[in-house]
Each structure stands twice: as C-alpha cells, then as structure tokens.
Amino acid sequence: MRRYRLELERVPAEITLSYTGRIAEFGRRATHGMPVAVVDAQGAYLDAAAGWYPRFDDRLMTFELDVDAPPGWQVVSQGARESGGTGWRAVAPQDDIYLIAGPFERYARRHRGYDLEVYLLAPDEATAGSYLDVMGQYLDLYSALIADYPYPKFAVVENRWQTGYGMPSFTLLGSRVLRLPFILYSSLPHEILHNWWGNGVYVDYAGGNWSEGLTAYLADHLLQEEQGSGARYRRQALERYANFAAEGRDFPLREFRSRHSDASQAVGYGKAMMLFHMARAELGDPAFVAGLKGFWEAFRYRAAGFADLKGILEQTAGQPVRALADTWLDRPGAPRLALAEAAVTPLEPGGHAMRFSLRQTQDAAVYPLRVPVAVQLAGQALPEWRFVELAGREATVDWHFERPPQRLDVDPGYEVFRLLEASERPAALARLFGARVQWLVLPGDAAPSELTAWRALAGFWRERYGNVRVRLDRELDDLPGDGAVWLLGWDNRWLRRLGHRFAAVDQALDPEGLTLGGRRYRRAGFAVVALDPDNARPPLGFAGAPPDGIAALGRKLPHYGSYGRLVFTAEGLENLVKQDLAVPHSPLSRTFARTERAPPGPRGRPRT
C-alpha cells in the first residue's frame, strides 16, 4: 500500500480522487486456496487487502458503489441494492468495502421489510428455496434477542472456493459447503448473527476478539441447547480444546485474532464460548440478555474489546462477571478437576450426610470456579443441583439430605471450562486428528489407484494438521506407540490382525465390512470409519472406501471430529450413520451403596 497526503488551502465540501490500476496477484489463502484478490473471466472478489479503494486511516465509512460489469453478471456488496443490481449503498458505518461479482443466478424474497437473497453460480431453485425458507426465521430470532436486524438485506453468495465468510449483510459460502445439509442449521445462523457481533459491533482486536466466541454461543450452541443437546455441544468444545489446544499448544484468549488452525479455533471459538456460558450462569438469563442488548446499544457500528463487553454486562447486572476476568483472558491453559473422599453417612434421628472434596489439579495457579454438582437421591426422579465455590486449590463439602444419596456427579452437563481427563473423553476422530503424531498405515497390496488415493489423503491431512507420518503396512513389524494410528483400506494387513480392537457390544469390523447394531455394511457398497472404543488405549482408527471415494472421504472426516463411527454410501459419500461412542466411566462421578445408619451424634450445619 502507498500513503498520500493531500494539502489544501481550504477544505472543500467534496474531494474527487481519480485513479486506475490492475489487480495484482497476491497469492492464495492456505486454508482453501482462494486468491487474496481476483478479477478474471469467472468472477471477482475484492476487499481492503487488494487496495482497490482509498482508505483514510482506519476510520469506519459509508459508501455508494456503482460497477460496470459484463452482461449477465450480478454485483454484490454491503447495504441496499440499487441501479438494477450494479450499485450498492451502505448507510451504516463499515470497516471494509467488499465487491463480489460474477454470472450469478439471483433469487430473492421479502421478509418483514428486509430483502433475502441467494446468488448461485448456476440455476438451482431447490437450493435457493431451502435457504430463503429459513433465513427470515433467524433474522426474527436474533432481532428479538438483541435488536432489530441492522441491514436492509441478507444474502447467501456462492463462491468457487470452499469458504465460510461472513460480511456485513451477506455471507460467502463455497459451492460444496453451501450444499451440505447441516449448513442451514449451523453455519447459516452463525453468519447471520455476525451481523450483530463482528459486523455490527466491530472487534477491537487490541482488546481481544470476543465476536467468534459470542457468536458461536448464541448461534451454534443456542440452537443445540433448544434441541436438548447443549451439554453434548459443550462437551465437544472441551474435547476439541483437549485434543488440539492443550499441552502447551494453546495461547491466551485475548491474543486470538482469527481462526487459522484447529488449535486457534479451540481457543477463540470453544474457550470463549464456554466463558460466555459461565457468565450467563453467573448472571442469570434476564441480566445476561439485558447486558447483550445494552452492549449493542452502546457499541453499535463501533469497535469494542473484551473489557467493553464485560463492563456493559457488569453495569447492567450490578455485579462482577468472574468468567470474563483477566485470569481467564490473559492466561493460557485450563483448570483440571479431581473428586476425592466422597462418602455418605446415615444420621440419627434421620437424614444423610455427604462429604466430598473437590480439587484443582493443574500445575498452574488456581481459577475461581463455581462448579455445579448433581446428587441423585433415592425415590426422586430428577437429581438435586447444588454448587461448590472453588476459590482455592481444594474445597471440602458437607451436605445434608433427607433422602439417601445414590450418585454424585460433578459438572455432568459440562458447564465449566476445564481440561477434560482422558477417561471423560470418548474415542472420537478428533483424538486422532489432534494427536502429537498421526500414523497413517497404508495398504501396500492395494491396487495402484487406491494406494495413490490414500497418499493424496495423507497429503491433505498433513497440510491441515501438520502431524501426519505415513508407512505401508508391510513395512511395520509393530504399530508405532508414540501417537494415534489410522489403518487405511480394507486390504490393510493390520486390519486382519487387529480387528478385535474395534469390537464392542454392537460393533464388529473385519476385512469384508462393518457390523453396527445387527446391520451389515459391506465394503463394496459403503465407506466406513470405526474406532477402537476403549478410550484408555492409544487411539486407533480404521477407514475404508472405494478408490474413487477416498478423496471425498478425506475432505469430509475433519467435519465429523466428535464422532466415533461413521457410514457413508459408496456413491456420492452421503452420510448414513454418525454416532458417538460411550464413555465407560467418569472420574468425577461416584455411586454410593446402601449403608447402615450411624449411631446418634452431633449434626453440624452443611457448608457450601
């Protein structure tokens, strides 16, 4: 970029700058190969990185845009569409100007005064209709939760490259991404919500990127919570942190700028999302929602950092928000919890005393924690919930119950950001992807086309994860013991030797197919993935697919990281089965046997 100074004897009402130029080749983004800027016969993508318009310091701006485009092209930018589709006008302050153009097919619908639009690279009424049918529902949801939708339109724009970008008033989705069925209920609401957080209230990156975590919490997590799957979603976030960011691979949350790896996603999205969940639990729903509304009103079309958001929440609630304290934002790492000395004693003349100790076991300094505990009582359908305030390294708790306690569970709903113990984490694909080393054992006797496809998959995963090493099955006398191992291909010699490692009550794997719950998926008709269900052993996985489906399988599997077994059709790789594996035992749970009543004695007051 070049900087110019314009010196004037007087300041006129308007200054006109005339300039011409050619968009240079800036290179490509490593994650999906999209050029930083492009203008060619197939379309155009320009933003501030291309230097295509003058910027005045880092000020927010409004703009009017008119574009001369080839016949049959559509032009997309922020704000309201004008001039028959080749012009745009943004009256809300913006931090960038985006220009997307190409031979799009445009589909549009009005919803409560807003324009809903879909721009596709080829006619596809079914896909456009599926988006238009749900977009308005998300605008209504977040308008009620936060404030009225801040832009005159929302558009879904198809991209040649497999992106998932959210800009003010539109999102840029890759062709394959856009047609994944779950995107309508995951990425789409996420990108729509960004029009409030990130593209409505902008991010002061010096103060930390709070936007991705808050958006993930109020989009991805909220929709799962409404379906009764909030605990599972939070557990998966903690698993991703343990798999990809723990053990020295994380960094302080305040240093998060944008996602560029699985570790950065685990911190910037997952850790932040969990902290907002803890803040909501501290404040209660009414105060938390009121704080979000106040944050929007105070910083709409302005930049804000974590401290600004925390300040508004505290001002609204009239109390501190410990979950957003500097301790959580400026330190890497996470607390670890251990349960010890749990016992139940009957009392005379009646009732039962429970005593247990809860500890923080991480080497680093302690975190201030409010830990939920569920106690299942005899003859009672639902557990009783209480909290342990763990301000130091350890807290010993004495509680009294009229009914006999049968089971104790510490944080069973994964409400607290913490490092999960290995025995709390089920066998899942992410444990292999996030291992220090992924050993990919290829079938040396497979046909050349299949072996070539497996090597290409290994190259794709190596570029994404950086931890892949490759061996042929016939080169190994023993499997490597220093990481996770993938056995790839139905004709892998090690599958015949280690098929028993994949056995479970409802699962069996052999060189001819996978059996799940009594149903047989034979190798000729399906692509399958299975894991060793024993989470106490080093991770071991198997993947088998027809040669022409291996590349697609390699692209898909990183999106199924929380699952332990998968089945796809051989043709088209349509997902048929995606299942979690069970966790056999949690170290934060205790089951109590029936006990004889203790002799009479003093009854102390319960402490919390």
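Alanine 303 is found in strand S14 (residues 303-304); strands here are DSSP runs of E with at least two residues, helices are runs of H or I with at least four, and both are numbered from the N terminus. This is a predicted model, where local features need pLDDT of at least 70, side-chain atom pairs count only at pLDDT 80 or more, and totals for chains, interfaces and linings use all residues. Residues are numbered from 1 along each chain as its sequence is written, and side-chain values use heavy atoms, with hydrogens and water left out.

With a relative accessible area of 43%, alanine 303 is partly exposed. On that scale, buried means under 20% relative accessible area, exposed means over 50%, and partly exposed is in between (1.4 Å probe, protein chains only). Not counting residues up to four places away in sequence, alanine 303 touches Tyr202, Val203 and Asp204, where contact means heavy atoms within 4.5 Å. Then there's valine 375: it sits 72 residues from alanine 303 in sequence, and the two are 44 Å apart in space, C-alpha to C-alpha.

## Serine 211, in helix H4

Serine 211 lies in helix H4, which covers residues 211-226. Serine 211 counts as buried because its relative accessibility is 2%. Setting aside neighbours within four places in sequence, the contacts of serine 211 are His194, Trp197, Gly198 and Val203. Val203 also turns up among the residues that alanine 303 touches.

## Helices H5 and H6

Next up is a pair of helices. Two packed helices are described by the angle between their axes and the distance between the axes. For H5 (residues 230-245) and H6 (residues 262-283), the axes come within 9 Å and cross at roughly 140°. The axes are lines fitted to C-alpha atoms, for helices over the stretch in contact, and angles run from 0 to 180 degrees between N-to-C directions.

H5 passes H6 in a left-handed crossing, meaning the near helix is turned anticlockwise from the far one by less than a right angle (clockwise would be right-handed). On the H5 side, the residues making the contact include Tyr233, Leu238, Tyr241 and Phe244, while H6 brings in residues including Ala266, Val267, Met273 and His277. Sorted by class, the contact has 11 nonpolar, 2 polar and 3 charged residues. Here Ala, Val, Leu, Ile, Met, Phe, Trp, Tyr, Cys and Pro count as nonpolar, Asp, Glu, Lys and Arg as charged, and the others, Gly among them, as polar.

## Rings that meet

How many aromatic pairs does the structure hold? There are 31. Rings of Phe, Tyr and Trp (its six-membered ring) pair if their centres lie within 6.5 Å; planes under 30 degrees apart are stacked, over 60 edge-to-face, and the rest tilted. Tyrosine 241 counts as buried at 2% relative accessibility, and phenylalanine 417 counts as buried at 1%. Phenylalanine 356 and tryptophan 399 have ring centres 5.3 Å apart and planes at 75°, so that pair is edge-to-face too.

Arginine 331 lies over tyrosine 367, at 4.0 Å from the ring centre, and arginine 370 lies over phenylalanine 387, at 3.8 Å.

Most residues other than glycine have a negative phi, and most peptide bonds are trans. Arginine 112 has a positive phi of about 50° although it is not a glycine, and its place is the loop between strand S8 (105-111) and strand S9 (114-120). Arginine 112 counts as exposed, at 67% relative accessibility. Tyrosine 414 has a positive phi too, about 55°, but at 16% relative accessibility tyrosine 414 counts as buried. The peptide bond from glutamate 348 to proline 349 is cis, with omega near 10°.

Terms used: Lys NZ or Arg CZ within 6 Å of the ring centre and 35° of its normal.
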